[in-house]
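User: I would like to go through this structure feature by feature. Please give the rule behind each term and then the case at hand.

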Amino acid sequence: MPLLEARGVTKRFGGLIAVQNVDYCIEPHTINAIIGPNGAGKTTFFNLMTGIYTPDEGRIIFDGKDITGLKPNRINQAGIARTFQNIRLFGAMTVIENCLVGMHRRLHVDWVQAILRPPAFNRQEREAQRRVEELLDFVGLRDKANEVAKNLPYGDQRRLELARALASEPKLLLLDEPTAGMNPQETAAAMQLFRAVRDEFGITVLLIEHDMRVVMGISERVTVLDYGQKIAEGSPEEVRRNPRVIEAYLGRGSAASYI
Amino acid sequence: MATQSLLQERASRLNWREALPTIFAILYVLIVFSLLRSLNRADLWFPTYSSILFPLFVFSPFIIFALKIPFALRAVLIAIIGLVLMPILGMQDSFYLELITQIAIFAAMAIGLNVVVGFAGLLDLGYVAFFAVGAYLWGIFTSNANTIVRISGAQAAPELFWLFLFLGVIAAAITGILLGLPVLRLRGDYLAIVTLGFGEIIRILVSNLSNISSNRRNPINITNGAQGLPGILSPPLPDFMFQAVESLTNSLGLPVNNVRAFTYQLFYYGLVLIVCALSALIAARLDNSPIGRAWTAIREDEVAAQAMGVPKVKMKLLAFALGASFAGAMGVIFAARNTFVSPESFSFIQSIFILAVVIVGGMGSIRGAIFGAAIVTLLNLQVLKNFSLQINALRNIDWVVPIIDFPIRNWPQQLEPARYERLVFGLLLIVMMIFRPSGLLPAKRRQLELQGERAERISEKELTADVAEIRPEDLLSAPAAIGEAKEAKAANAADIAEDLPADQPPTPGEGLPDEPKEKP
């Protein structure tokens with residue numbers, strides 16, 4: 001059974017059809033990529049899956065549950081976490097606090113307890129902090145745990161966003177252009193990290209990516225969107241040779257060798 | 001053995017040096033206190049002296065709080081200032097007690113507003129409405145100027161004050177949710193306008209819920225309109241309290257004229273201190289909990305917060321309700337203490353005043369809210385007024401400013417400082433925005449101690465007791481780190497070179513900036 005299944009999903013903004021009748025499936029424990037030229041509707045499709053937009057048509061089934069039209073926090077609760085194309089951290093909060101917010105849905109939140117502080121509350125806080133420290137170890141940010149997020153260098157901000165998303169213990173992790181702006185070394189390290197997310201945590205990964213080295217390097221299945229429609233799907237090798245994909249990227253008549 | 005005694009000696013010297021600020025702080029408090037005690041109301045320069053010395057005295061708890069000594073010790077010192085020195089000053093001159101009570105009322109409200117504005121980032125310009133809800137709740141049921149009490153005889157017994165204090169909290173929280181529901185989707189300016197309107201609605205509601213404004217003889221009069229509700233009851237105090245206060249003042253050699261009134265003053269002072277301390281505690285604990293983190297997350301980035309599983313609606317309503325509840329409690333106390341409420345006390349300018357307290361102190365900072373309340377209230381009620389008093393006193397004796405030979409009677413009446421309250425206020429806010437935009441005592445992010453590292457750190461501290469700034473491993477690894485950085489940069493430059501067309505070779509030095517200047 002697929003982990004996530006989108007059936008005939010369509011989203012319109014006025015006259016523009018950003019996502020048109022897309023059917024999409026993600027199998028558990030796989031690394032998947034969505035690629036496509038700028039404006040192809042990739043991020044819109046992400047926003048539809050995470051509840052930031054509601055699809056005009058179609059359904060999205062996640063883990064056997066219909067999540068179409070749910071609020072973003074409910075979808076997060078169902079087990080989908082994401083990062084953003086232009087990093088959206090909680091700038092004034094520390095690295096640890098950012099991750100603790102990511103853990104919000106895992107915590108029992110009660111204002112009476114927060115004021116009275118019974119032992120159970122303190123235990124929960126300690127436990128949460130311990131788990132966040134593990135995550136920071138995983139992404140390599142432990143040394144900066146108490147730094148304010150907006151003061152972090154770019155690469156660390158990307159790592160922190162990943163750690164924050166992992167803190168909600170998702171089943172499916174959506175990464176929106178996670179290696180944008182990274183140099184080759186950083187990109188290579190990030191790819192290692194994404195693989196480890198799948199292998200160590202057993203989390204299914206879906207990423208939007210422009211860097212073909214990343215897409216071809218780690219994804220097991222690649223889906224290509226163009227003008228809001230799915231034009232190709234398959235293994236990286238298949239997609240790379242698909243003439244429609246080459247046409248979408250480079251225009252009619254281009255040689256396949258460019259990709 | 002020798003090293004041990006050396007270390008001990010060192011430790012004692014360190015302790016002595018560390019104790020110095022504390023000793024200075026205590027000396028400061030004692031000097032300011034005794035100077036204040038020695039002031040004489042009949043003195044020509046009394047207004048100036050008292051408006052310099054009293055603010056200095058009010059700042060003393062903040063100075064103590066900033067000391068780097070154990071929290072319990074600081075708490076004891078602050079308690080001595082608040083519970084011993086302050087009442088003694090109050091016996092000497094009850095105006096000081098009035099002032100400090102007013103400060104505490106504003107501090108508690110600023111802490112409440114801080115929850116909404118500072119923590120959750122929801123700009124609320126109608127906060128005084130919740131204060132009004134609390135004040136009118138007690139006012140309506142104890143003043144006999146309205147028909148509810150007169151016709152039905154439902155006047156609340158003064159003993160019910162404590163129940164109403166609780167009800168005031170609940171009523172304000174419910175009002176907060178009522179305000180929060182329609183404005184959930186609004187942010188920033190739009191939210192500010194709607195909350196401003198809400199504050200005005202409550203004020204106009206209370207000035208219209210009477211039979212006075214309309215021509216028809218409406219039999220129902222709930223709030224007595226713009227005339228306000230007089231004769232609001234105070235809670236009864238047990239007799240022994242009056243006796244205790246009387247014997248205390250007599251034994252201290254500071255007898256007060258009206259023991260009853262003074263006891264009530266002391267009672268309200270203590271009560272607002274307790275409410276203020278509770279507010280601070282509650283706000284601090286909320287801030288440092290999943291709820292506070294969710295609020296800050298919403299403030300920083302609403303979309304990301306929701307995507308991380310933070311329920312926006314629930315958290316915003318919680319902020320509105322909890323923030324409002326502090327003002328509700330203070331409203332009940334305010335009505336009982338003043339024995340009179342009218343819509344005038346809850347005007348828009350009051351909301352601005354509380355917001356100014358939050359901004360001056362520092363958004364999201366609880367210490368800041370209390371400090372801001374002290375500054376703004378003192379400026380408003382004491383410093384500017386005293387300057388006017390001083391000028392009048394000098395005018396009466398035909399005083400001439402030395403050196404410039406300016407006769408003070410020529411000082412124009414229009415330039416009396418007390419009239420320029422709002423101007424000074426505005427200037428203060430502008431200066432703040434330029435030089436300290438995050439407030440006088442800005443909020444700091446809490447530093448969490450890493451659990452996995454704790455043991456390691458302690459042992460490290462023990463090992464490096466000689467405060468070595470540069471550890472040997474740093475020295476060893478530094479050249480390697482620089483080498484690594486160079487390699488990475490070279491690799492970068494190579495990549496850039498690959499991407500560039502062949503006819504534009506990268507200029508040397510562009511991809512490879514100069515080596516780090518500091519040599520290890």
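User: Where is the place of Glu169(A) in chain A?

Analyst: Two conventions come before that. This is a predicted model, in which local features need pLDDT of at least 70 and side-chain atom pairs count only at pLDDT 80 or more, while totals for chains, interfaces and linings use all residues. Residues are numbered from 1 along each chain as its sequence is written, chains are lettered from A and ligands numbered from 1 in the order in which they are written, and side-chain values use heavy atoms, with hydrogens and water left out. Helices (H or I, at least four residues) and strands (E, at least two) are DSSP runs, numbered from the N terminus. Glu169(A) sits in the loop that links helix H6 (154-167) to strand S7 (172-176) of chain A. Its phi is positive, about 50°, although Glu169(A) is not a glycine.

User: How is the accessibility of Glu169(A) classed?

Analyst: Buried means under 20% relative accessible area, exposed over 50%, and partly exposed in between (1.4 Å probe, protein chains only). With a relative accessible area of 35%, Glu169(A) is partly exposed.

User: Which loop holds Tyr227(A), and is Tyr227(A) buried or exposed?

Analyst: Tyr227(A) is in the loop between strand S9 (221-226) and strand S10 (229-234) of chain A. Its relative accessible area of 67% makes Tyr227(A) exposed. S9(A) and S10(A) form a hairpin with 2 residues between them, and Tyr227(A) in the turn has a positive phi of about 50°.

User: How many bridges join S9(A) to S10(A)?

Analyst: Strands of a sheet pair through backbone hydrogen bonds, either parallel or antiparallel. The criterion used here is that two strands pair if DSSP finds at least two bridges between them. S9(A) and S10(A) run antiparallel and are joined by 5 bridges; Thr223(A) has Glu233(A) in S10(A) as its bridge partner. S9(A) is also joined to strand S3 (residues 31-35) of chain A, by 4 bridges in the parallel sense, and there Asn32(A) stands opposite Arg221(A) in S9(A). Because 5 of its 6 residues are buried, S9(A) is largely enclosed by the rest of the structure.

User: In what order do the 4 strands of the open sheet in chain A come?

Analyst: The order is S2-S1-S4-S5 (chain A), with antiparallel pairing. Strand S2 (16-26) and strand S5 (65-66) of chain A are at the edges, each with a single partner strand, so one side of each has no neighbour in the sheet. Strand S1 (residues 4-13) of chain A pairs with S2(A) over 7 bridges, and Val9(A) faces Val22(A) in S2(A).

User: How many residues of H3(A) are buried, and what covers them?

Analyst: In H3(A), 8 of its 8 residues are buried; among them are Val95(A), Glu97(A), Cys99(A) and Leu100(A). Contact means heavy atoms within 4.5 Å. The cover of these buried residues includes helix H5 (119-139) and H6 of chain A, together with H11 of chain B.

User: What lies in the loop between helix H3 (95-102) and helix H4 (111-116) of chain A?

Analyst: Asp110(A) lies in that loop, and at 25% relative accessibility Asp110(A) counts as partly exposed. A polar atom of the Asp110(A) side chain is 3.0 Å from the backbone nitrogen of Val112(A).

User: How many residues of chain A are in contact with chain B, and what area is buried between the two chains?

Analyst: The size of an interface is often given as the accessible area lost when the parts come together. Buried area is the accessible area (1.4 Å probe) that two parts lose on being put together, summed over both. Here 45 residues of chain A are in contact with 39 residues of chain B. The area buried between them is about 3,700 Å², and carbon and sulfur atoms give 60% of that area. Arg293(B), Met308(B) and Gln451(B) supply 20% of what chain B buries against chain A, more than any other three residues.

User: How many salt bridges are counted between chain B and chain A?

Analyst: A salt bridge is a side-chain nitrogen of Lys or Arg within 4 Å of a carboxyl oxygen of Asp or Glu. The count between chain B and chain A is 3. One salt bridge joins the side chains of Asp301(B) and Arg88(A), at 2.8 Å from N to O. On the side of chain B that touches chain A, H11(B) gives the largest share, 8 residues.

Technical notes
A polar contact is a pair of N or O atoms within 3.5 Å; within protein, one must be able to donate a hydrogen and the other to accept it, and residues adjacent in sequence count only if both atoms are side-chain atoms.
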